[in-house]
Amino acid sequence: MSCTRLLVINPNSSKSVTDGLEEVLRPPPQTELAFYTAPKNAPPSINDMITANLTATACFLDIQEKKLIDQHDGFLVCCFSDHPLTHMLREITPKPTIGIFEAAITQALLLGKRFGIVTTGSGYSADIHKGVQAIMGGNSQRFAGIVTTGLGVVELREGDRQKIERNMKEYSGKIAQKGADVILLGCAGMTGMESLVVQGAAEARPMASPVRVVDGAKAGVEILAGLVRFCAC
């Protein structure tokens, strides 16, 4: 049986974010993961629609130039938003292409009653909220809301560890108090920080059951591998 090749795409130009993904993600059986970082002319982080569109264009052109579509069976866009690159790639290939945003929400709906999101700064939260509404088909009681940590994307990988841990715990507790029993890591830079979320939620609600934590990158790898197998049938 041939091995499935998935391309894990970091659409910003910060290699530290890609390194974090490589450290944590493990391929499903008979699957290989390749990792891609946006070219240097792309923004180092995605904070709004402008940087989202700039990163999408830079990656789209670079991926085509390097002929990466032909070399892989599926594509995972690692930005926690309805990132334009996901839709752009779908227009040029029938191969499965998903984003960690939709992967995280899909898994969360199967794991608990209400999900909430802990994300980075406040600039992109309105767009994330719109993205949730688009996936859910409107407002839903199953969505507990979004909290922003005030941490930057690159800061999550390269910043002061004490501040990162403190903020992740504090704001995970806040979203747990809003009724979320599943908490989504709202940034690819948060990959591997599940334990901080669990601790923060437990400190905020010591009598409640432990929360489930969804890392969209991990969920995306598993879902994408399944889609490739399904499409090959």
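Student: Which residues in α8 are buried?

Tutor: In this predicted model, Ile 164, Asn 167, Met 168, Ser 172, Gly 173, Ile 175 and Ala 176 of α8 are called buried, because that word means under 20% relative accessible area, with exposed over 50% and partly exposed in between, for a 1.4 Å probe and protein chains only. Local features need pLDDT of at least 70 and side-chain atom pairs count only at pLDDT 80 or more, while totals for chains, interfaces and linings use all residues. Residues are numbered from 1 along each chain as its sequence is written, and side-chain values use heavy atoms, with hydrogens and water left out.

Student: What covers the buried residues of α8?

Tutor: The cover includes β5 (115–119), β6 (143–148), α7 (153–158), β7 (182–185) and α9 (194–204), where contact means heavy atoms within 4.5 Å.

Student: What makes Asp 160 a cap of α8?

Tutor: A side-chain oxygen of Asp 160 lies 3.2 Å from the backbone nitrogen of Gln 162, at the N-terminal end of the helix; a polar contact is a pair of N or O atoms within 3.5 Å, one able to donate a hydrogen and the other to accept it within protein, and residues adjacent in sequence count only if both atoms are side-chain atoms.

Student: Why are β1 and β2 called paired?

Tutor: Pairing requires that DSSP finds at least two bridges between two strands, and seven bridges join β1 (residues 4–10) to β2, running parallel; Val 8 stands opposite Phe 35 in β2.

Student: What is the order of the four strands in the open sheet?

Tutor: The order is β2-β1-β3-β4, with parallel pairing. Because β2 (31–37) and β4 (97–99) each have a single partner strand, they stand at the edges.

Methods. Helix = DSSP H or I, 4+ residues; strand = E, 2+ residues; numbered from the N terminus.
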